[in-house]
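Subject: Structure for your review

Dear colleague,

I am handing over the structure we spoke about, and I would be glad if you could look it over with the notes below beside you.

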Amino acid sequence: MLSPEKSPPNFADSGVTMEQPMAGSNGRQFVKYSFYKVAPLWRRLPDAERQDSKREFAAVVEEFAAESFTQSYSLVGLRGDADFLLWQAADSLESIQEVATRMWNTQLGSYLTQPHSYLAMTNRSQYVGHHRHSGQEGTEVKLRPGDAKYFIVYPFLKTREWFLLPQEERQRMMSDHIALGHKYPSVKINTTYSFGLDDQEFVVAFETDEPGDFLDLVMDLRGTEGSLYTLRD
């Protein structure tokens, strides 16, 4: 899911800012990907009322930014089922729930629906030990977002057969996977884990300035052995 702007759709000057995320339990963070759709009725409101509702909504997110990472992306013209995305990371589920409750209680919140919602946590990868380099993804438990223009959210499930493979077999296939990814340095990956927390097992978020590079990367990954063990993405 792509978005070319880092503000809600037609919500210019929203006041949403990026703050350094805080460490959660055992250093890990809860990560939330919330997709919102604005009801057409909101667009028919007087301009002053729409502006006031945007400012109220943005103020809630801004107030929460001191203790929670929040980044917004526009999906206008790119998705038919969502208008903007909030990418959040916090120490606790209660923090994420608190800000969500307050957003729903704003005037704009009364015109929103949430067609997609993914919950995950950060975690260290068991596969990156042989591929260490500066900024290597998967070696930290804190979210480390970049500043790329586009953001793609990619939830997926692995097959049960994958988890029953010997660690050495999984490492071999993942090493090939990682090596292929290194051919596309313009694409930054952020892996989060959803086992038992949500309907998927992983949510991988990609940041890039070149959507075509991401398309080529995914096409190349389809030809790897490890892709045989993807159940749904």
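Predicted model: local features only at pLDDT ≥ 70, side-chain atom pairs only at ≥ 80, totals over all residues.

Of the 233 residues in the chain, 49% are buried.

Helix packing

The crossing in which α2 passes α3 is right-handed. On the α2 side the contact is made by F57, V60, V61, E63 and F64, while α3 contributes S95, I96, E98, V99, R102 and M103. Sorted by class, the residues of this contact are seven nonpolar, one polar and three charged.

A59 also belongs to helix α2, and with a relative accessible area of 41% this residue is partly exposed. Although A59 and M103 are separated by 44 residues in sequence, their C-alpha atoms are 9.4 Å apart in space.

The second pair consists of α5 and α6, which pack at an angle of about 155° with their axes 10 Å apart. That angle makes α5 roughly antiparallel to α6, and the crossing of α5 and α6 is right-handed. Here the contact is formed by H177, L180 and G181 from α5 together with L217, D220 and L221 from α6. By class, the residues in the contact of α5 with α6 are three nonpolar, two polar and one charged.

Salt bridges

The structure holds 10 salt bridges, and I describe some of them here. Within helix α2, the residues R55 and D52 are three apart, and are therefore separated by about one helical turn. Their side chains meet in a salt bridge with an N to O distance of 2.6 Å. D52 is partly exposed, its relative accessible area being 43%.

A further salt bridge joins E225 to R172, with the closest N and O atoms 3.0 Å apart. Since E225 lies in the loop between α6 (211-221) and β8 (230-232), whereas R172 lies in helix α5 (residues 167-181), the pair ties together parts that are 53 residues apart in sequence. Both partners count as partly exposed, E225 at 36% relative accessibility and R172 at 34%.

Which residue does R222 meet in a salt bridge? The partner is D233, and the N to O distance between the two side chains is 3.5 Å. Because D233 is in the segment after β8 and R222 is in the loop between α6 and β8, this pair ties together parts that are 11 residues apart in sequence. D233 is partly exposed at 47% relative accessibility, and R222 is partly exposed as well, with a relative accessible area of 49%. Leaving aside the neighbours within four places in sequence, R222 is in contact with Y154, S227 and D233.

Finally for this part, K37, R43 and D83 are linked in a network of salt bridges.

A residue in a loop

S194 is placed in the loop between β6 (187-193) and β7 (202-208). Is S194 buried or exposed? With a relative accessible area of 0%, S194 is buried, as the cut-off for a buried residue is a value under 20%. Apart from its neighbours within four places in sequence, S194 is in contact with L119, A120, Q200, E201, F202 and V203.

Notes: Residues numbered from 1 in each chain as written. Heavy atoms only, no water. Left-handed = near helix turned anticlockwise from the far one by under 90°. Helix = DSSP H or I, 4+ residues; strand = E, 2+ residues; numbered from the N terminus. Contact = heavy atoms within 4.5 Å. Nonpolar A, V, L, I, M, F, W, Y, C, P; charged D, E, K, R; others polar. Salt bridge = Lys/Arg side-chain N within 4 Å of Asp/Glu carboxyl O. Buried < 20%, exposed > 50% of the residue type's maximum accessible area, 1.4 Å probe, protein only. Axes fitted to C-alpha atoms, helices over the stretch in contact; angles between N-to-C directions. Parallel < 35°, antiparallel > 145°, perpendicular 65-115°, else oblique.
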